[in-house]
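This report covers selected local features of one protein model.

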Amino acid sequence: MRILTSNSNEQIWHDLYSYTELPDALKPLNEIANNLWWVWNHEQTQLFSELAPKLWKETEGNPVALLQRLSKKRINVILADEELMAKIHCAHELFTDYMNVEPDRTRPSIAYFSMEYGLTNILKIYSGGLGVLAGDYLKEASDSNIDMTAVGFLYRYGYFTQTLSMEGQQIANYEAQDFTSLPLTPVTTSDGAPMVLEVPFHDRIVYAHIWKVSVGRIPLYLMDTDIPANSEWDRSITHQLYGGDWENRMKQEYLLGIGGILLLNKLGVRKQVYHCNEGHAALINAQRLVDYIENDKLEFNEALEVVRASSLYTVHTPVPAGHDYFDEELFGKYLGHFSQRLGISWQEFIDMGRTTPGNNEKFCMSTFALNTCQEANGVSLLHGKVSQMMFAPLWRGYFPEELHVGYVTNGVHAPTWMATEWKEFCHEHFGPDFVKDQSNKAIWSKIQQVSDAKIWDIRKELKHKLVDYIKSQYTDNWLKNQGDPSKVVTILDRINPDALIFGFGRRFATYKRAHLLFTDLDRLEKIVNNVQYPVQFVFTGKAHPADGGGQGLIKHIIEISRRPEFLGKIIFLENYDMRLARRLVTGVDVWINTPTRPLEASGTSGEKAEMNGVLNLSVLDGWWYEGYREGAGWALTDKRTYDNQQYQDQLDAATIYHLLEDEIIPLYFAKNSKGYSPEWVQYIKNSMSQIAPDYTMKRMMDDYFDRFYNKLATRSDTLTKNKFSEARKIADWKKEVAAHWDSFTVESVTLASKSEFQTIVGEDYVVEVIINRKDLKSMLGIDLVYARENSDNHRIELVSTEAFELKKEEGAKLYFELKRTNAEFGHLKMGCRIYPYNPALPHRMDFAYIRWVQF
């Protein structure tokens, strides 16, 4: 018998993690590394870089991984370096002092829920603007001493890493995160075991480990289902951000909403206001309703009053298609058991997510949020108006501009996005306490007294840093995907810090119109190849893996950038993340934004640029609709000339070329004998003094308190006092109105004027209405409504409303009167609408019963 010369079973491996144990003298570094405070305190990132410069680069700026990998030899060198040890001691003192500040108890406490958070490039739990905004919000909450707790997901793979093929095709790579080397800590029980959250799904329990990210003073709790206790089917819930099919999205939003509240309950966290950052988190209110019904023994309508009074929904999309809709069958599979727990029928429950109750619409998370949140807001002035139009069908009888849907224009966390050079500048010229009062225009105005040369020198230094970064980070990638090394050499040679550099960085959705610049390639070729006035364009961005149009646009730009006449003049940088974003918004000269109006809800990349003396060239949409100031940037009109989008794109492209050729490029190169353009510097000064202060996260945070949080907390407190007595009263009042709404009659409507329905401007007239309430016990109110038909779209548009005065009450009869002086001219529409009146309501949309009356 032949003896085999090889015999082995399958290899068996166990993961073994080996880390450096820091000596006591260096352990304060662990405290700092495991709190994201270092992200926006760049002196601390510089400190970590000094510990081991090469390792800092290898870990992509991850201090936790850096400390884990420090060699004994390097540790000894650090310990022997008195200057470095003094810096470590000083950093820890600053951190400790910062953390020891108590929350501001004069402001309401907040629970904040978001599907993504952009806090740092090393923690890949974000995809783009929505997440970065949420991350900035937590940072400012920390700086402003807000009592806030945030909830989200810890994604194993997060959003994808972008690479490019030789042909310029986007490749989406999903890379697993090593949680043990990230600035987060597992939440444990009293015996040191990992805390396990049990979330009841319709037919099983889904388990989640909980991780805590310390964002300065703010705790962010992240759920992680990728654990052995779950099936493969459920482990993948927290694998990818915005990945998988609609059922996976349903599971994610169920876990974020239902699981998010169960998580806070398990942690013993209760807050005054609950804030849904987008409709993804809307189901928090389903669980909160259940909690009040099962724990506090409230009826459904009473619980709804309490939940609504403490809830805010922020919408970030300007079109109905951007919201999440679920088929009734799929929604019922996961939420079917909830109607029984709520004490209502299935039809009543699913109708809470429908614009028109009783039909076959899909369940919309945003509609459910609007029906369970007292307040709602868009993210810019214009988007607030767009949102009112978008949501108007939910409150028929009211015009869009009458709705309670408000706005808070997005801002950015200046300490995160402002270059170190600018922060030092602000400290020197605006004072050491500038950050605490960073929305004060009077402080920013001091830049007008600073020498032009100093401003120009900062901008020049930051441009050099950007160019150096591009060359160091992208040379290897270009060698891999360009094919011809000589072309890479040409690109590197042509990247010119003395050129006028334009930046374009955002998600590559087709409505962002990154293609506008390439509408007339002959004209563009002349612009970028003018030896006297060198100009370069830097593009970056990711397209969603399912967005073929966005991916095609990236490929198109890369193909153009490889043409001989554009080589090194049009540059595409792959894998847009927070680290690259910060380099771009600090290093380019002009930031371009060209969305199809009005599809940019806000946009914040241009605001980040504002913090760094980078000028904006943008469509008057989103935040720029409010922010633009003449002499501080450039704008494309918010008005449409053509209904045909292709024609509009061509016109907008021509406008951009005109601005480049006749205004922007000549202004930049109008240099004096000292080598800079005084006119350009004046634009920078105007931009930073007149625009930047209005778009800080500090201003945004204050707006949320002033417009929403304060009144929510006050009303919520009123409704929950004395065992929810006020909530019960309002619920009973609504029940009585609903039961008898059809019983009252309008006995007469009288218009007293010289000629009925024909009035003269300036003429006085009186309208009288008599109502018999009959079985209705509640008080009523009446509006006189004036409207006019828009001749372009035939839409009935509001002109004005005036409230009638109740003159007397006799039994069930109400006598109303309105005296008015006509101030309108032309063909108007006039109507009377009756509504239930209760001063305890926060706004009319809270109980939007309306009856229009025939004259």
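Helices (H or I, at least four residues) and strands (E, at least two) are DSSP runs, numbered from the N terminus. The model is predicted: local features need pLDDT of at least 70 and side-chain atom pairs count only at pLDDT 80 or more, while totals for chains, interfaces and linings use all residues. Residues are numbered from 1 along each chain as its sequence is written, and side-chain values use heavy atoms, with hydrogens and water left out.

**Arginine 506**

Arginine 506 sits in the loop between strand S15 (500-505) and helix H22 (521-528). Buried here means under 20% relative accessible area, exposed over 50%, and partly exposed in between (1.4 Å probe, protein chains only). A salt bridge is a side-chain nitrogen of Lys or Arg within 4 Å of a carboxyl oxygen of Asp or Glu. Arginine 506 is buried but has no salt bridge, and the nearest side chain of opposite charge, glutamate 600, lies 4.6 Å away. The side chain of arginine 506 does reach the backbone oxygen of isoleucine 592, at 3.0 Å.

**Salt bridges**

Side chains of opposite charge can pair when their charged atoms come close. The whole structure holds 45 salt bridges.

| Residue | Partner | Distance |
|---|---|---|
| Arginine 156 | Aspartate 226 | 3.0 Å |
| Glutamate 247 | Lysine 333 | 2.6 Å |
| Glutamate 565 | Arginine 563 | 2.8 Å |

In the salt bridge of arginine 156 with aspartate 226, the partners are 70 residues apart and link distant parts of the chain: arginine 156 is in the loop between strand S2 (148-153) and strand S3 (161-164), aspartate 226 in the loop between strand S8 (218-224) and helix H8 (232-235). Both arginine 156 and aspartate 226 are buried.

The salt bridge between glutamate 247 and lysine 333 also links distant parts of the chain, 86 residues apart, with glutamate 247 in helix H9 (residues 246-267) and lysine 333 in helix H12 (residues 328-335). Glutamate 247 counts as buried because its relative accessible area is 16%, whereas lysine 333, at 37%, is partly exposed.

Elsewhere, salt bridges that share partners join Asp203, Arg204, Asp234 and Lys251 into one network.

**Surface patches**

Patches are made of residues with over 30% relative accessible area and no salt bridge; like charges are joined within 9 Å, and nonpolar side chains (Val, Leu, Ile, Met, Phe, Trp, Tyr) within 5 Å. Glu43, Glu424, Asp457 and Glu461 gather in a surface patch of negative charge. Of these, aspartate 457 belongs to helix H20 (residues 452-482) and is partly exposed, with a relative accessible area of 48%.

Tyr642, Tyr647 and Leu651 make a nonpolar surface patch of about 280 Å². Tyrosine 642 is in the loop between strand S20 (634-636) and H27, and its relative accessible area of 37% makes it partly exposed.

**Positive phi angles**

Most residues other than glycine have a negative phi. Asparagine 575, in the loop between strand S17 (570-573) and helix H24 (578-587), has a positive phi near 60°. Phenylalanine 724 has a positive phi of about 65°. Phenylalanine 724 lies in helix H29 (residues 697-740) and is buried, with a relative accessible area of 12%.

Note on methods:
Accessible areas come from the Shrake-Rupley method with a 1.4 Å probe; for residues, only the protein chains shown count as cover. Lys and Arg count as positive and Asp and Glu as negative; His and the chain ends are not counted. The place of a charge is taken as NZ of Lys, CZ of Arg, CG of Asp or CD of Glu. A polar contact is a pair of N or O atoms within 3.5 Å; within protein, one must be able to donate a hydrogen and the other to accept it, and residues adjacent in sequence count only if both atoms are side-chain atoms.
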